[in-house]
Amino acid sequence: MAAEIVNPRSDSSTDQEGGAEPLDSFDPAFALHRGGKMAVQATVPIRDKDDLSLAYTPGVAKVCTAIAEQPELVHDYTWKSSVVAVVTDGTAVLGLGDIGPEASLPVMEGKAILFKQFGGVDAVPIALGTTDADEIVETVVRLAPSFGGVNLEDISAPRCFEIERKLQERLDIPVFHDDQHGTAVVTLAALRNAAKLTGRTLGELRAVISGAGAAGVAIAKFLLAAGLGDVAVADRKGVVSKDRDDLTPVKRELAEITNKAGLSGSLESALAGADVFIGVSGGTVPEPAVASMAEGAFVFAMANPNPEVHPEIAHKYASVVATGRSDFPNQINNVLAFPGIFAGALQVRASRITEGMKIAAADALADVVGDELAADYVIPSPFDERVAPAVTAAVAAAARAGGVARR
């Protein structure tokens, strides 16, 4: 299968329901999406009866019999080791929220072509018609024999944590929720370079994260594992702390490992003297709160399309500013991570993606910047052709070192 970038569209003159003018006659986004953004493409020719007899019956029977006798051969003689399932239930799609499985498909197609474009990995979008965590797990487990990995996408918290954990327990292929771990990997890479630029270490930094959903929880845990000094996470009711009696199980666990400073109260109060702000929640942080941060602070305001702190304001007080947008420097974009992470894991047939593999991905991503490091360049562009090979090689090496590689 190949996720083609060139789209074999249907006739664009087709009328919309009711005879109205087609949407794509005046909107280029609709024009690009007509007919979908990807297609299946054969990797072998079928030119004559000899080709047919090899690709299908009777030749295919030899391969099937061999795999039945030695199941591991499926990796060599099918697409399994080069294809990922992109699975969603449509409950947390981009900034759109719960829009359902059908409406999520354009995003999942987009994710699939990013896998192909930036990592050389084929991917199949799968939008499920259920939001029940156990039903999602059972469905993916039954689909898993066809795939080398599973990328969970746009599944709302806290179900996303349970779904990922259960799938990782039941499957022997990589299962990766990109909204959590892809965001965390790219954030760590940018933070490492920001600290390097200003002559500090991660251990010297105190961070505040706005948002205790999938991304916020994963970033907090990942940064602490990488050596961050301290981090406080704030949700809509304020800092996640042990003295709160309204926490979900996920947030109670988070309260146990974060907030060494013992902060409570609002996000704004937690920002006083903080070295790092990381926004993954939306909303707006008042300028006085940004001004109260430590000298030389970092502001990573990653909400789209409207950052929690506009870069013009952030630059008044921060030494390094990053956003989730492509029209400002230092874009924290998951496409810098997930294609290479899966490519590296598939390359060595990893049974799972470990913390070590994710940290290796972040380090490799940070290293791409190299001597070009500057306040407006702490993270490379998604179009930097060095990114995917560097991340792929680092992840593959980490998988071998961690004992999860099978070749």
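The model is predicted, so local features need pLDDT of at least 70, side-chain atom pairs count only at pLDDT 80 or more, and totals for chains, interfaces and linings use all residues. Residues are numbered from 1 along each chain as its sequence is written, and side-chain values use heavy atoms, with hydrogens and water left out.

**Stop 1: two helices**

Select α5 (residues 101-119) and α14 (residues 338-347). Helices (H or I, at least four residues) and strands (E, at least two) are DSSP runs, numbered from the N terminus. The two helices pack at an angle of about 70°, with axes 8 Å apart. Axes are lines fitted to C-alpha atoms, for helices over the stretch in contact, and angles run from 0 to 180 degrees between N-to-C directions. That angle makes α5 roughly perpendicular to α14 (the term covers 65 to 115 degrees).

Now show side chains. From α5, K111, L114, F115, F118 and G119 meet F338, P339, F342 and A343 of α14; contact means heavy atoms within 4.5 Å. By class, this contact has seven nonpolar residues, one polar and one charged. Ala, Val, Leu, Ile, Met, Phe, Trp, Tyr, Cys and Pro count as nonpolar, Asp, Glu, Lys and Arg as charged, and the others, Gly among them, as polar.

**Stop 2**

Next, select E164, Q168, Q180, H181 and K221. The second largest pocket has a volume of about 540 Å³. Of its 24 lining residues, these five are the closest to its centre: E164, Q168, Q180, H181 and K221. Elements giving two or more residues to the lining include α7 (159-170), α8 (178-197) and α9 (214-225). The lining holds twelve nonpolar, four polar and eight charged residues.

On a 1 Å grid over the protein atoms alone, a pocket is an open set of points with protein on both sides within 12 Å along at least five of seven lines, while a cavity is a set where a 1.4 Å probe fits but cannot get out; lining residues have an atom within 4 Å of a point. Points are joined across faces, edges and corners, and a volume is the space filled by probe spheres set on them.

**Stop 3: a cavity**

The count is one cavity of 30 Å³ or more. The largest cavity holds about 40 Å³. Select its lining, which includes H75, S81, R349 and R406.

**Stop 4: backbone details**

Go to the loop between β3 (149-152) and α7, where P158 lies. The peptide bond from A157 to P158 is cis, with omega near 5°. D154 lies in the loop between β3 and α7. Its phi is near 55°, a positive value in a residue other than glycine.

Technical notes
Parallel < 35°, antiparallel > 145°, perpendicular 65-115°, else oblique.
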